[in-house]
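Please consult the sequence and the coordinates alongside the text.

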Amino acid sequence: MNLILPKEIFSKVMRAVVEFDMIQDGDKILIGLSGGKDSQLLAYALATLKQRTAKKFELAAITINPNFDKDFNSNAENLKNFCADLEIPYQIHEVDIFSVIQSSNKNPCFTCAYFRRAAINRIAKEIGANKVAYAHHLDDAVETFFMSLLSSGQLTVFTPKTFLSRTNITVIRPLVYLREYQISSFVNKKIFNIVKSPCPIDGKTNRQNIKNLIIELGKSFPDLFEHLAAAMRESSIGELWSAPKTQAEMRQIYFSYVNKNYSM
């Protein structure tokens, strides 16, 4: 099967892969394939890179069934054919995340993501994969960055390439330079069989609120998205306040003000 990506997509995937040195000869990469537009493009893009570049690496794909929907496996049947066409070994792995969420008072999105990642990392080790690929794109990164600032007062975002020392697995995100609308446009043209998310709160999450907020603010600040994306770089940091002093440090300085005989 001759795989073709539009130039604007292929160039941005290659930019990410080259800039962050994501793929080496001998790699075995496990793709987290949810069945949505992003993960299907990821699988297609990596299969294209395997076909068109000089790097020698293997691919495999996995879909996690979180037990949100009893018909999930039958709905995901098209993914088997999709991966077969791409010559990517594929499996569905069941993890009863639904029961865990019901019995926990923790944030359901955090719980779901945690157990999905844990299962994928475990399967990666079992099949001898040294890397796991996720389909996070530039919109995901910007939303995460902005959400972190608003929710925790921290400037942090996921990195395009992350080594997990506890598992010796490297996570790569080859789509980080792609905008979501570019992915949607390509997927619609290719007529992929998208598997609807089984998440019961899909579209009602805090992330969706952040996405909507960025769109709304963008009406008044047209360059907002680009500026947020630029701010994620270490080189963008300008003048910031110093880190907060400890109580001991504050006490020592305080006494130097109120006690004329105090010597530091």
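Which residue in β6 is the bridge partner of threonine 162? The partner of threonine 162 is valine 171. The model is a predicted one, in which local features need pLDDT of at least 70 and side-chain atom pairs count only at pLDDT 80 or more, while totals for chains, interfaces and linings use all residues. Residues are numbered from 1 along each chain as its sequence is written, and side-chain values use heavy atoms, with hydrogens and water left out.

**Overall description**

The secondary structure of the protein consists of eleven helices and six strands. Helices (H or I, at least four residues) and strands (E, at least two) are DSSP runs, numbered from the N terminus. The C-alpha trace spans about 85 × 45 × 40 Å along its principal axes. Of the 264 residues, 39% are buried; buried means under 20% relative accessible area, exposed means over 50%, and partly exposed lies in between (1.4 Å probe, protein chains only).

The accessible surface comes to about 15800 Å², and carbon and sulfur atoms account for 53% of that area. Accessible areas come from the Shrake-Rupley method with a 1.4 Å probe, and for residues only the protein chains shown count as cover. Among contacts between residues at least 6 apart in sequence, 76% join residues at least 24 apart, where contact means heavy atoms within 4.5 Å.

The protein carries 32 positive and 26 negative side chains, and the centres of the two sets are 3 Å apart. Lys and Arg count as positive and Asp and Glu as negative, with His and the chain ends not counted. The place of a charge is taken as NZ of Lys, CZ of Arg, CG of Asp or CD of Glu.

**The sheet**

Six strands form an open sheet of mixed pairing, in the order β3-β2-β1-β4-β6-β5. Two strands pair if DSSP finds at least two bridges between them. Because β3 (90-94) and β5 (161-164) stand at the edges with a single partner strand each, one side of each is left without a neighbour in the sheet. From one strand to the next, the twist averages 25°.

Strand β1 is joined to β2 by five bridges, and the two run parallel. Within this pair, isoleucine 31 has alanine 61 of β2 as its bridge partner. Five of the five residues of β1 are buried, so β1 is largely enclosed by the rest of the structure. Both faces of β1 are covered: Lys28, Leu30 and Gly32 are buried on one side, and Ile29 and Ile31 are buried on the other. In a regular strand the side chains alternate between the two faces of the sheet.

Helix α2 (residues 37-52) lies across β1 (28-32), β2 (58-65) and β4 (131-133), and α2 runs at about 160° to β1. Axes are lines fitted to C-alpha atoms, for helices over the stretch in contact, and angles run from 0 to 180 degrees between N-to-C directions.

Phenylalanine 163 stands opposite threonine 170 in β6. The two strands form a hairpin with four residues between them, and asparagine 168 in the turn has a positive phi of about 60°.

**Loop and helix positions**

Most residues other than glycine have a negative phi, and most peptide bonds are trans. Aspartate 21, although not a glycine, has a positive phi of about 45°, and this aspartate is found in the loop between α1 and β1. Glutamate 87 is likewise not a glycine and has a positive phi of about 60°; glutamate 87 lies in the loop between α4 (77-85) and β3.

Serine 11 belongs to helix α1 (residues 7-19). Its C-alpha is separated by 18 Å from that of aspartate 139, which is 128 residues apart along the chain. Alanine 230 lies in helix α10 (residues 224-231), and its C-alpha is separated by 42 Å from that of aspartate 71, 159 residues apart along the chain.

The relative accessibilities of these positions are as follows.

| Residue | Relative accessibility and class |
|---|---|
| Serine 11 | 38%, partly exposed |
| Aspartate 21 | 42%, partly exposed |
| Glycine 26 | 65%, exposed |
| Glutamate 87 | 66%, exposed |
| Alanine 230 | 44%, partly exposed |
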